Amino acid sequence: MRAAVIGASGFVGRRLVHLAAGEELDHGRPSGWPAFESLHAVDVAPFGEVPSALAGRVTTGFGDVRSKADLRRELAGADTVFHLASIVDVGLRKNPNIEAVNVEGTRNVVEVCRELGARALVYTSSEDVVLGPTPVAHGDESLPYPTTFLHDYVRTKIEGEKIARAADGRDGLRTVSIRPVHVYGPNDPHAIVVSLRAFATGSVPFLLGDGTARFDVVYVDNVVHAHLLAAAMLADPERRDRIGGEAFIVGEDNAPNYFEWLRPYATSRGVKMPRRHLGRRRTALVAKLMELFHRATGREVPFHTFHRHVIGEDFFFSGEKARSQLGYRPIVSPAEGQRRTIAWLADQRIDATS
């Protein structure tokens, strides 16, 4: 089997390439992973140097999901395709590329996979495809897509997932959608460093919500584990019908309050977090005021309605479907994930000049 990873230079994509290609793990290679003869890492950003231990099995290339020509060249010969390329942008300024990458790019990937005869497509979705105005507690895959979109990112991830799931069984292509909850770990470009910088500079002088809202997190290796389990099942004629066209929420049953989850990271760097919680009603009001300020000035704001619903209200899930149908169990515990991430964070700059 040969695999291609689209979005391989990203946070999860790079880890997927390394683990799928055979990087050693503390407790050995989990059972149930596919054995790929080679992996091709595809992205618009350079992948960087391939570790010497993986050099014989990993190749790299340039490919933009907005170009079918690029995809035809880079996906040729791949039995399994992992599609992780996405624009994660929840700012209020309109991003002209988000539709082209998250929606039309996914459509291009599906069409080229069918054209080239790929057998399996594992699409990286997000828990945010069910994010709407109503809080979610112990949610599962039976939740419908929202009809009110809190952000263009949410809408485009929904559309992308619909395209990937609808392609299952067409021209021999089998597909599955993996919905990670909030992913963290070393090299995380998003929440931890960004939040600590905001606290360190005083740009966010309070905490959203009332301190009781819960928010799911998952260590990056566990997300990769789910992707590889799904790929192995799609490649197996006796098991693929169980998951073809399905979506799976992937977490680790770790749903703390967002700010309490951040606290050990802040402590490790000597960053003082605000003590004051706005409360839910004030958080909602300030989020609306932030949006009005953006409309009047065009300037970005530190938070708005999207953030209010993700971290100021309950937004956490059950992972039972992934456990029962994929055989998924986290391979890295929350305590170990935290330890590794704190060790990485020690070398990151979080002051105002970063």
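Predicted model: local features only at pLDDT ≥ 70, side-chain atom pairs only at ≥ 80, totals over all residues.

Residues are numbered from 1 along each chain as its sequence is written, and side-chain values use heavy atoms, with hydrogens and water left out.

**Entry: two loops with positive phi**

I began with Asp253, in the loop between strand 10 and helix 8. Its phi is near 55°, a positive value in a residue other than glycine. I call a residue buried under 20% relative accessible area, exposed over 50%, and partly exposed in between (1.4 Å probe, protein chains only). Asp253 is exposed, with a relative accessible area of 58%.

Pro256 sits in that loop too, between strand 10 and helix 8 (258-268). I found Pro256 partly exposed, at a relative accessible area of 21%. For contacts I used heavy atoms within 4.5 Å. Leaving aside neighbours within four places in sequence, Pro256 is in contact with Ala213, Arg214, Phe215, Val217 and Trp261.

Asn187 also has a positive phi, about 75°, although it is not a glycine. I located Asn187 in the loop between strand 8 and helix 5 (191-201), and Asn187 is exposed, with a relative accessible area of 54%.

**Entry: the sheet**

Next I traced the strands, counting two as paired if DSSP finds at least two bridges between them. I get an open sheet of seven strands in the order 3-2-1-4-5-7-10, with parallel pairing. Strand 3 and strand 10 stand at the edges with a single partner strand each, so one side of each has no neighbour in the sheet. The twist averages 20° from one strand to the next. For angles, axes are lines fitted to C-alpha atoms, for helices over the stretch in contact, and angles run from 0 to 180 degrees between N-to-C directions.

I then zoomed in on strand 7. Strand 5 and strand 7 pair in the parallel sense over five bridges; Leu121 has Thr175 as its bridge partner in strand 7, and Val122 stands opposite Val176. Four bridges join strand 7 to strand 10, and these two run parallel. There, Ser177 has Ala247 of strand 10 as its bridge partner.

How many of the seven residues of strand 7 are buried? Seven of the seven are, so strand 7 is largely enclosed by the rest of the structure. Arg174, Val176, Ile178 and Pro180 point one way, and Thr175, Ser177 and Arg179 the other way.

**Entry: helix 4**

The 15 residues should span 21 Å, and the end C-alpha atoms are 21 Å apart, which agrees. Among the buried residues of helix 4 are Tyr153, Val154, Ile158 and Ile163. What covers the buried residues includes helix 3 (98-116), strand 5 (120-124), strand 7 (174-180), strand 10 (247-250) and helix 10 (305-311).

Helix 3 and helix 4 pack at an angle of about 5°, with axes 9 Å apart. They are therefore roughly parallel to each other; angles under 35 degrees count as roughly parallel, over 145 as roughly antiparallel, 65 to 115 as roughly perpendicular and the rest as oblique. Residues meeting there include Val103, Thr106 and Arg107 in helix 3, and Thr156, Gly160 and Ile163 in helix 4.

**Entry: helix 1**

Is helix 1 largely enclosed by the rest of the structure, or left open? Eight of the ten residues of helix 1 (residues 11-20) are buried, so helix 1 is largely enclosed. Phe11, Leu16 and His18 are among the buried ones. Covering them I noted, among others, strand 1 (2-6), strand 4 (80-83) and helix 6 (220-234). Just after helix 1, Gly22 takes a positive phi of about 115°.

**Entry: one buried histidine**

Last, I looked up His304, in the loop between helix 9 (280-297) and helix 10. His304 is buried, with a relative accessible area of 1%. Not counting residues up to four places away in sequence, His304 touches Val90, Gly91, Leu92, His151, Ala287 and Glu291.

Terms used: Expected span 1.5 Å × (residues − 1).
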